[in-house]
Structures are given as C-alpha cells and as structure tokens.
Amino acid sequence: LNEPIVFYRTESGEPVALWGLCPHRLAPLDLGQLKGDSLRCGYHGFTFSPEGACIDIPVAKTRPELCRRLKKYPLVEMGPWIWIWMGDSEAPDYSKLPNIDDIGLGNNATGWRVDVTERIFLKARAQLLIDNLFDLSHIAFIHANSFPPGTNDIALVKPFMKKMENVFRVGRWVRGVPFVPGAMHSLMLPDATGKADLLLHTDFYNVGFVNGSGPWMWRSNDDGSQGEELAKLNFVHCITPETEHTTHYFGVLTRNIRLNDDAFSKELMQQSDFIRGEDRAMLEEIESRGAVYGDPTKEVSVFSDAGAMRIRQMIQAMFKTEARGEKKEPREATISVVEISEDTSSLNR
Amino acid sequence: LNEPIVFYRTESGEPVALWGLCPHRLAPLDLGQLKGDSLRCGYHGFTFSPEGACIDIPVAKTRPELCRRLKKYPLVEMGPWIWIWMGDSEAPDYSKLPNIDDIGLGNNATGWRVDVTERIFLKARAQLLIDNLFDLSHIAFIHANSFPPGTNDIALVKPFMKKMENVFRVGRWVRGVPFVPGAMHSLMLPDATGKADLLLHTDFYNVGFVNGSGPWMWRSNDDGSQGEELAKLNFVHCITPETEHTTHYFGVLTRNIRLNDDAFSKELMQQSDFIRGEDRAMLEEIESRGAVYGDPTKEVSVFSDAGAMRIRQMIQAMFKTEARGEKKEPREATISVVEISEDTSSLNR
Amino acid sequence: LNEPIVFYRTESGEPVALWGLCPHRLAPLDLGQLKGDSLRCGYHGFTFSPEGACIDIPVAKTRPELCRRLKKYPLVEMGPWIWIWMGDSEAPDYSKLPNIDDIGLGNNATGWRVDVTERIFLKARAQLLIDNLFDLSHIAFIHANSFPPGTNDIALVKPFMKKMENVFRVGRWVRGVPFVPGAMHSLMLPDATGKADLLLHTDFYNVGFVNGSGPWMWRSNDDGSQGEELAKLNFVHCITPETEHTTHYFGVLTRNIRLNDDAFSKELMQQSDFIRGEDRAMLEEIESRGAVYGDPTKEVSVFSDAGAMRIRQMIQAMFKTEARGEKKEPREATISVVEISEDTSSLNR
C-alpha cells in the first residue's frame, strides 16, 4: 500500500512490523541489525523497541525518547502467514480476519497438510489478479495444457454465485464424474472407484485473500444423490498490493487427504508454480500493454464475468465506505461497462 | 503510431491487422492462437474473424456479435513488405502507395534481386532517422572507414535537390570516375573497365519510405557524355514510428545486376547491417542526450541540410493538412532555425 | 549540474571543457574525434576550436564562424583534478578556489603522496553524501568492521565545530592514545612508541570539496601537552552533482609520511574503495526508498548532526545569494526540523 515497512521477529519469535525508515536520515531500517528484541538503524545506530519507540541514540545518550516514534503495525500470525493491519494502529479490527480453519489455515485447523509455494513479485495491479481468480474460464485457454484432462471442460461450465456467511462464492458443479485414470480427481484419489461430484469454486474472503478449490469432491451415489465428502484440495491466494502497479502474491496449498505424502505435495506445488507462472505472464502483459493502450472502463463483460464483476463492485463499495470514514473522495475502482446484456442480468444487481 | 496492433496471416496467406487488445479484459492478442482464419484470445478464448468481428465467446455461446468489433487496418502486401493504412479504416487511399516497381519492390518489378536485411528496433524518434538519410555528408564521418574508398569524397560533393513526379530527390553526381580496384563502383562490377558516372541520391517517397542509391551508375563516354546504364543498387529504408521516441526500422537491398550471386548479396547485407548499426548508435545517443539537453528548435543548418530541411517542411505541411481535416491543432514538428544564410537560400523557400 | 559537457586535452595538454552538443544536429560531441587541438563532431564533421568557435564545416567551407559558438567553461587544473566554473564563462571567480596546498593537493604542495582512488557514479543526490561526511558517527555502524580497532570509539566522541579561515571544521580529538599493535594510528606509523593525540575531522571547503582526516596525529607528551606533528593522512572527497539524483564522486588519498611506500598506498586505496562502497550502498538506498517514501523536511536531528546541519544552512545561504543575483526564487534546500533540543543549542545558531 505504498508504505515502507520493516518486519522482524523478537527473540521469542513475535513478529514485529514498524514504519521502515529511520526518522533521523531516512535510512531504510531493513538495512539495520537486530539487537535482542530491538532494531538498530544501520546508518547512525538509532535503535527502536518493538513498540517503535527510540530507545538509544549512540551519539546522544540522553533522552532518545525525544525522537519521533515509528508507526507500529498490528500483526496477527495465523497458519503460514502474518496478517497486517494497515489502518489506525490504535484500533485494529480483528473481527475482519477471515475464519479459515475449515481450509486448514486457521490456528485451530487440524487434519490438513499445508504447503507454501513460491512467492511471486507480480508486476501488475492486484485487481488484475483478482479478476483472474474469479473468472476460471481462463483455465481452458491460458492453462489449456497445464491441468489434468477434464479440467478445461469444468472451467467452461456455467458458474453460480452465492453470498455465504464468510465468503462470496463463484463456483461450478460437475456431478457424477467417473474415476478414470488420469482425470483430475483420480489423480487425487488414485484408488477410488465409482463416481464423484466435483465442486470447482473460488471464495472471496476479503480484498487480499481468495481461496480456489482444486477441487472439492464427494462420492456420487448411484441414485444421483451426493454422498460423503472424499477430499478437499485448495489453492489459496494471498494478494498484497505493493504499489498501484505491483503486487506481492503469496500462495499456499492445503488438502485434507494424503497428509504425509511428500511426493504428492511436491507434484502439486510444481503444478501450482507452473500455473501461477502462466497467469503471471499474462497479467504482466496486460499491465504493461493492455492497461496502457486500452481503456479499462470500456471492457466488454459476459455472464462468466458475473463473479468478478460482483467482486469489483464489493471492492468499490469498500473504497466508498473508507472514503466516507476519512471524509474524502473515494478512490476510483475499475468497473467494466457491461455491453452484453444477455445472460448477464446478475451483473447489474 | 502508439496503437497496439496484432498481425497474422489467414490459411490462404492473406495478411490481417487488427486492434491488438481483446475488448474483454485487454489481453494483448498477439499472445493468442490462430484457429483457422480466426484469432483466439489467449486469456478467455474470445475469438475474432479476420474482419475483426467477435465470432465466439466460449463461455457465452449465444450472440458473440454483441461484443465490440476490433478495428481492422487495411493492408497491402507489396514486395517484401506489408503496408498498413492507419487512418479511417473505411476509406483507405491506395493512391498514396508509392510506385516502387522501378527500384525492384513493386508487385510488377522484374529483373531485380531483393535482400531483406536485419530489422532494427531503434530507440530514437523517426525524424532523426529521416534527417540522417537526407544528409549523406555524415557518411564521411560516422562511416568514415565503413564504405569502400572514394565514397566519402562523393558524400561531400555539393548536393542537388529535385522535385520529381513520385519523389523528392536529394542527390550528388560524380562523373567520369575510373574503374580502379577497390572503388565502390568497381566492387559492384569487378570486370568493368573505363569510367562511370555515379549518382548517389536519396529519394523521399513518403514519411515512412526512403530509398538511397548505393549508387546508380552509367558508362561515362570518352566525350564526357553519359552512356548506357550499368547498374543500380538501392538501400531501401522503411521507417515505422512506434512511439514518439521509438521506431521500427526495416531495410531492404535491391539491385539489377548479379541477380544470382548469393555471396555478393551476403557481402552487401553485412555491409548494410554494419552501417545501419553505426547510424543507430549515433541516433540513439542523440535521442537520449542531445534531444534531452539540447533545443531542436535552435539547430544550426547549412546548405547540405537543404534536403533534410525540405523534407521536414513537407512533413510539417502534412501534419497541418491532417490537423485541418481533424479540426485540431497541428502536431508540432521540429523545424530548425536556419542560422547560416550563405548557400542556403533554398532553405527558406 | 544538468549540463552536457565535453572534456578533452589539447596536444600541449591543456584541458578544455565545452558545451557537449553540436549546434547542428545535437550529436553528443564526446562521440567525436580530436583533430590536433580541435574537436570534430562524429556525425557531420563540424569542427570546434578549444575556444568553442566553429572553424570548419566540411560541407560548407565558407564562413563556419556563422555557426553558433559552444559555451566554453573556464577550467583550472590543480593537483589530480580539474576545477570547472559553471557560472558566467566571462567572469570566473578564481578566488573561490580552495587553498589546498596544506593537504597536498595545491600546485605548490610538496612532501605529499597523492593516490587517486576509484571514481564512483553515485545514484544519489549530492546532499546525502555531504550529510554522510559531516556525521562521522556513522563509522561505528555502516563501517563497524571496516576500520582498524579503536576508530569506532573515536567516531562516537562528541564533535566540535570551528569556523576557520578557509574551511568549516567538524572534528573530534582523542588524546594520549598509546601506540599498540593494530590500532589505526599504529598502522600508519608501525615503529612508533609512546602515545599520540589524534584529530579526526572533516573540513568543508566548498559545496563540492570536503576533506576528512584519517587521522592527523601529534606526539602526546608525558605531561599531557601536544608534541610535534607525527603524520597527516587525508581522505579527500570531490563531489560533483550530475543531476538532482546523481553525483560524480571522486576520491583522493594524501599523506605526508611513507611517501614511497607503494604497498601502503595500495592498502589504503583498497580500504578507501571498500568504505566508500559501503557508504554508496546506503546512500543509494536512501535516494531510491528513503527520499521517496520519507519526508526530508521532518528529519530528526541530534547534536552529532550539528556539523551537517550547519553545512546545510551554509548551502541554503549560497542558494539564496545566487537567487538574489539572478533575481529569482531560491532553490529549496533540505533543512531538517530539529526535534531534539537537548545538547543541540548550536543547531539553531
């Protein structure tokens, strides 16, 4: 969010995030050194406590507290990630943290395997990545040859949208798919027989956190009814805007089957890195050419964009709420002009 | 011209040029795939006909025609190049195409050898290249050691200017030059004896097309009169502005002698690439330093610049005509202030 | 100072500095060739005398003097450097040249060894380098492990400031330091015994010239009085702003001991290059991040900054004087807000 932040851990392992520049001569504090739980600037030795207070100025031993404090950012460590509160440091709203126990990432999650994938520094705005994740029809094109057979067909099934308690869901159901060698769901459960109902969906938790199933599956009974849960696989996306045009893109895989199968983890992580690399290439080209020469406000949208459009509207609404709180003009979000009305009534709700 | 364009060929070989961004999510279409004669976007599969019409949206099978059309650019393929009409697509003015049969490049040209040289992506504005080509006195300096002996002397001969039917010509005549080993014209015709009249000239066809002779030659009779044509060699320059500061620079060599001599072609092409590389280095330094720290409106010009100045005035006049048509302020062309009046009366005509 | 300048030497060795672009087509003249004492443009051969007069235009033999002259910059060569006058070329004020005989760099200096160190192209504004040199407390942090033992302690001694005839001095005295193996002053005089009084100081000669002692030392008598001079070592810094964000940083070492000890020179130069590299890394990070995200006008300053602050004020005063002369608004210098009043009464003088 265009703020320089330095992160470190205290000796007991507590994560700390402070404004990243020394108030003295603006040296970036990540070039400094840790002294116990404190952080010493690498230029002239100004030293700061984990609270952001200046506690030592080597050349002015008396009253270091007269030096301006560093802003301290409230943090919460949860699963493989640290969550940062970028608003008023005095009033972090922890209720905004998503409940992600049920995808294996909360501190109370059990029975899950969690694998952290390669971190991507994306040279594209965060909105392009969010758009990407909520229109999975792109799987059939960008990733045409990258997923197991059958995935593409699922990606072109007409999606549903559903507002749930914690998330806004865009998903696709494919029911009664037989376990045949090589198919996506067969790769997950090689010994399974019969048929499965598959749910391929993307859940919007908040503007920086999205989960995509990879997929979830249930036994498909002979009478067509849905049986017991067989497996859940998740491609989780943490999206941290760095500037208007760059994004830190973190990824994690979670699953509730084959927990100790390291080879399977490795295979999934390689697949994830490859696929995210394909998306990255496209998004960076859109950022550097499409968004330069094109006009995002005149985009054409179709019914498969309904989910992404709804997400854009939600983000726009958040901007407006934020602006009201700060009594200023809202940031302008990129909202497409919908040109294809057929099948898109939901877009204008 | 600051427009993103995608080029491809249909299965029957017809060249196609369309606006280069998908109207859906601005993905550059050159990242797409050809499907028969159509072009499919690599992101979500929107597919366009060679006419620019959207003919398939995989996730919205009905009424793809509701999607905005891509602008289609009229093209003409002629010799080794494709010519594009950047104006109103509905009203291309084919009469503006140059007649280049007589330099071996029209579709009716016969008796010519055509060799395409290395394509250069020039990090300099097109005007700098045009200036370069119309003041060949630079040959004696930038290319001091790159041309065969005698070329430099010719380059410093006082040039003439001539408005002809199709072109505006800046040229130099050198008459009665003996065929001696190593001289430029002797290299072209190693077995020739006697003397030749040489014409070294640059022809301005239009703002994107310039031909430089390399040289043309006629037998020089003993009585000083000009005899039959011996040879024509051309260094042809196609100049396509990409942005205000970058240019696609295409080159072709044509000649009407030694048509099947591949070794001679190779030698000429190597020479051409080397020389154009020397120009490129200078022009990019002028773009990045001269045009940044200097003031192009205060350039000093001398009589050898008369040709280049006339060309600048012609381009400026075209800008004005275009602006009148579009009822807007003309673009500002760089017109030198002429400070040396001697021998330069033609500059102010 | 944002002006393109070409430097060369005449055949007799006189240095010449001229405006660096050809008035004809803006070609950078450093791409040209020397012809005797004159400089010929590499593009079309316009040739200029050391006075900046155009003396030959190969394609317009008559009256080259009609071409605009190049601005000629007055130069003075002194020791290892050439000093350039960037103001009115007609009225250079040589009285502004510093007297640097006594640090071995004037043309009358004798008894000194002078070693030129690596030239640095610093991607940071000059002010950051000046700040650096006048707050040597940074030695204890950036260079914590780069100087001989004991140096850090000296760097944290409270500094004094002194306005002298030629320079403004910020320095630190440490008296009665025994010659023990490995200490900074012992390395300079390996055979010395007893004790020394050390002076570590930085002298501001003018905005582009700073000398830092490394150190100077005198015998420390048993009664505590200061004895004869033992040695002077200088790290001299020549600081030439290229643009608002880049600086040419030249360095020289001078000493009045062990004049013929080449191995000692080599050792000192390696140390100097290493230390200046450490500073460079920090200053470039401050330029690219600190000065982008931070607010230089809200810097916190402490008593060890008093010297640097005084220097900033002197530079600001020079800007104002210059602006009065040119009857325009003064450039805005970066002046810190002093937030720590204790021990900093001198900051507000």
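**Basis.** I worked from a predicted model, in which local features need pLDDT of at least 70, side-chain atom pairs count only at pLDDT 80 or more, and totals for chains, interfaces and linings use all residues. Residues are numbered from 1 along each chain as its sequence is written, chains are lettered from A in the order in which they are written, and side-chain values use heavy atoms, without hydrogens and water.

For Cys54(C), the nearest cysteine sulfur belongs to Cys67(C), 4.2 Å away, and Cys54(C) is in no disulfide. I then checked burial, where buried means under 20% relative accessible area, with a 1.4 Å probe and protein chains only. Cys54(C) is buried at 4%, and Cys238(C) is buried at 8%.

**Chains A and B.** I counted contacts (heavy atoms within 4.5 Å): 29 residues of chain B touch 35 residues of chain A. The two chains bury about 2,600 Å² between them, 61% of it on carbon and sulfur atoms; this is accessible area (1.4 Å probe) lost on being put together, summed over both. On the chain B side, Arg25(B), Tyr43(B) and Val59(B) lose the most area to chain A, together 29% of what that side buries.

**Salt bridges.** I listed salt bridges (a side-chain nitrogen of Lys or Arg within 4 Å of a carboxyl oxygen of Asp or Glu) and got three between chain B and chain A. I noted the one joining Arg289(A) and Asp30(B), with N to O at 2.9 Å.

Terms used: A disulfide is a pair of cysteine sulfur atoms within 2.5 Å. Buried means under 20% relative accessible area, exposed over 50%, partly exposed in between (1.4 Å probe, protein chains only).
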